[in-house]
Amino acid sequence: MSGMREWIDKRFPLTEFLEKHITKYPTPKNLNYWWNFGSLAGAFLGVQIVTGIWLTMYYKPDTRFAFDSIEHIMRDVNYGWLIRYLHAIGPTGFFFAVYIHMARGLYYGSYKSPRELLWWIGLAIYLALMAEAFMGYLLPWGQMSYWGATVITNLFSAIPFIGSDFVIWLRGDFAVGDSTLGRFFSLHTTLIPIGIIGGLLVLHLTALHRVGSGNPEGIDLDKKGPAVVPFSPYFITKDLWFISLIFTVFFYFVFFKPDLFLEPINSEPADPFVTPIHIVPEWYYLPFYAILRSIPHKLGGVMAMFGAILILAFLPYLDRSPVKSARYRPVKKVLTWLFFLNFLVLGYVGMKPPFGIMLQIGRIATIYYFLYFILLPFVPAFEKTGNLPREEDI
Amino acid sequence: MEDEKVDAMGRRDFLTITTATVGACGIGASAIPFIKAMSPTKDIIAAGVMDVDISGIKEGEFRIIMWRKQPIFILKRNSEMLEKTNRTDISSLRDPASPEERVKRPDLLVCIGICTHLGCIPSWQPEKIPGLDQPGFYCPCHGGKYDTLGRRLDGPPPENLHLVPYEFIDDSKLRIGTEKFAGYSENIRKIQELPKA
């Protein structure tokens with residue numbers, strides 16, 4: 001057995017890689033459960049890819065057959081119902097993990113030097129994931145699929161001068177149709193999951209391993225930070241345990257309450273002549289949907305919505321404190337928890353029709369969302385922090 | 001002290017092995033739905049049972065119907081055909097079979113119309129098979145010859161035409177196939193070896 005290992009090692013850096021990145025990879029001992037959500041997201045990615053491959057065996061990407069092919073999967077394919085429900089409910093788990101993973105980043109200053117690039121790659125993954133889920137949602141060709149795609153592709157018509165032509169090019173037709181379905185199917189099953197999310201994921205892990213994980217104290221390993229343990233077996237077992245726990249909850253929904261996550265009007269085939277009364281995107285888009293609708297100007301709303309995501313990229317430069325972790329930053333701690341709460345409020349507002357008190361709340365919440373980022377550069381001026389990296393360690 | 005150490009090692013190994021075993025069972029169990037999902041779907045299985053109307057079939061009439069995407073020969077045999085096949089020497093056949101082993105009713109042949117040589121559909125010769133003195137089936141691809149019971153008479157085919165399960169619902173209806181029966185690949189050439197419904 002070890003002879004085989006040596007034979008391979010001479011020709012391929014197998015043992016070297018396994019030791020460097022898994023069995024001897026130093027990981028801070030003090031990581032708490034907020035550090036589990038990255039691997040959890042990876043687990044959901046695995047579920048989506050495997051179930052997606054199987055669905056592609058039976059799904060027909062043609063407007064005449066798409067809807068019925070999914071009914072075929074649900075009724076005739078052995079365990080088709082299970083594969084479909086896993087794939088339809090998976091994104092909820094995936095975004096749940098991703099949002100908490102990002103929240104960890106916000107709270108513990110994971111975006112600060114030397115992890116800026118890691119943070120930006122993560123944002124790229126997040127954007128790719130939003131696009132992936134959006135394109136996937138068109139595929140069932142239900143009422144919400146069709147109208148959701150119509151509304152979101154229409155967003156791009158807000159671009160000055162080239163907007164309308166761009167939307168026609170994007171759709172491949174003057175309205176969402178067979179051309180749109182075909183290209184969304186192609187990108188959803190090939191380029192975006194494997195090329196972008198898979199490729200970006202490799203970059204994300206590479207960037208991580210270059211600098212090592214942060215930790216709740218915010219003091220890095222090379223500055224007399226926390227003690228370390230090898231990643232394998234300690235964090236492999238911790239990660240597997242937590243994934244199993246969350247998957248138990250996930251499977252509860254998949255097996256006992258699948259329709260909780262399936263929009264009822266999407267059980268009707270798409271009708272280009274009937275717009276549903278209540279167009280709602282999936283829950284993970286709701287906060288941004290609320291931001292979009294709180295600005296009473298077409299281009300302004302679109303810019304605010306995309307801006308809300310892009311502003312995250314500036315965090316490494318907006319946050320000027322040398323202290324990483326909010327544990328030792330009393331002002332930032334409060335502001336950040338309010339930010340999380342505000343995000344949930346925005347999500348709730350996004351679900352509701354945009355008028356009356358809801359619109360007012362949405363506008364206040366939108367203002368606070370951006371205010372958080374505007375305030376951050378000024379916070380160090382008056383914040384009494386703890387746990388500054390000691391001068392002799394810098 | 002040493003006892004404690006030995007105990008601690010034992011505990012760790014036990015936990016590792018049991019967790020790994022349960023994990024392996026979990027992975028196996030998770031794989032099952034995906035493997036089963038690739039098997040034929042329920043509509044394909046249901047299509048395995050098909051009713052055919054044979055009320056109008058005349059003496060000497062030959063029909064082909066499609067069942068599970070495979071051609072099925074239905075031939076109403078007349079008295080000359082019956083006589084001819086009864087007189088055939090069974091031991092001279094490459095794939096010996098008596099008429100009782102080939103058909104449920106002597107006057108109706110129901111078999112799979114795929115040549116057992118390389119898979120072409122043999123052509124019905126109501127008068128004479130080329131080179132022989134009786135009606136039957138002649139395969140144009142490589143010259144295989146079958147009698148009106150689908151038994152191989154001449155040419156490269158190794159076996160008689162394969163059989164498919166069938167039942168007479170009444171005088172006008174023939175029910176072909178069972179849910180799980182695959183067809184040609186099951187390689188059944190005697191009525192008695194066909195699966196029950």
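Modeller: Helices (H or I, at least four residues) and strands (E, at least two) are DSSP runs, numbered from the N terminus. By that rule, A:Val334 lies in helix α14 of chain A. This is a predicted model, in which local features need pLDDT of at least 70 and side-chain atom pairs count only at pLDDT 80 or more, while totals for chains, interfaces and linings use all residues. Residues are numbered from 1 along each chain as its sequence is written, chains are lettered from A and ligands numbered from 1 in the order in which they are written, and side-chain values use heavy atoms, with hydrogens and water left out.

Colleague: Which helix gives the most to the nonpolar patch?

Modeller: A patch of this kind joins nonpolar side chains (Val, Leu, Ile, Met, Phe, Trp, Tyr) within 5 Å, from residues with over 30% relative accessible area and no salt bridge; a salt bridge is a side-chain nitrogen of Lys or Arg within 4 Å of a carboxyl oxygen of Asp or Glu. Accessible area comes from the Shrake-Rupley method with a 1.4 Å probe, and for residues only the protein chains shown count as cover. The patch includes A:Val334 and A:Ile357, and its members together have about 630 Å² of accessible area. Helices α14 (330-351) and α15 (357-375) of chain A each supply at least two residues, and the one that gives the most, with five residues, is α14(A).

Colleague: How much area do chain B and chain A bury between them?

Modeller: Contact means heavy atoms within 4.5 Å, and 10 residues of chain B are in contact with 13 residues of chain A. Buried area is the accessible area (1.4 Å probe) that two parts lose on being put together, summed over both. Of the area buried here, 65% is on carbon and sulfur atoms, and the total is about 1,100 Å².

Colleague: Which residues of chain B lose the most area to chain A?

Modeller: Together, these residues account for 47% of what the side of chain B buries. They are B:Phe34, B:Ala37 and B:Lys42.

Colleague: How many salt bridges are counted between chain B and chain A?

Modeller: The rule for a salt bridge was given above, and it is applied here to pairs between the two chains. The count is zero.

Colleague: Where does A:Pro114 lie?

Modeller: Most peptide bonds are trans. The bond from A:Ser113 to A:Pro114, however, is cis, with omega near 0 degrees. A:Pro114 lies in the loop between α5 (80-108) and α6 (116-138) of chain A.

Conventions
Patch = residues over 30% accessible without salt bridge, like charges linked within 9 Å, V, L, I, M, F, W, Y side chains within 5 Å.
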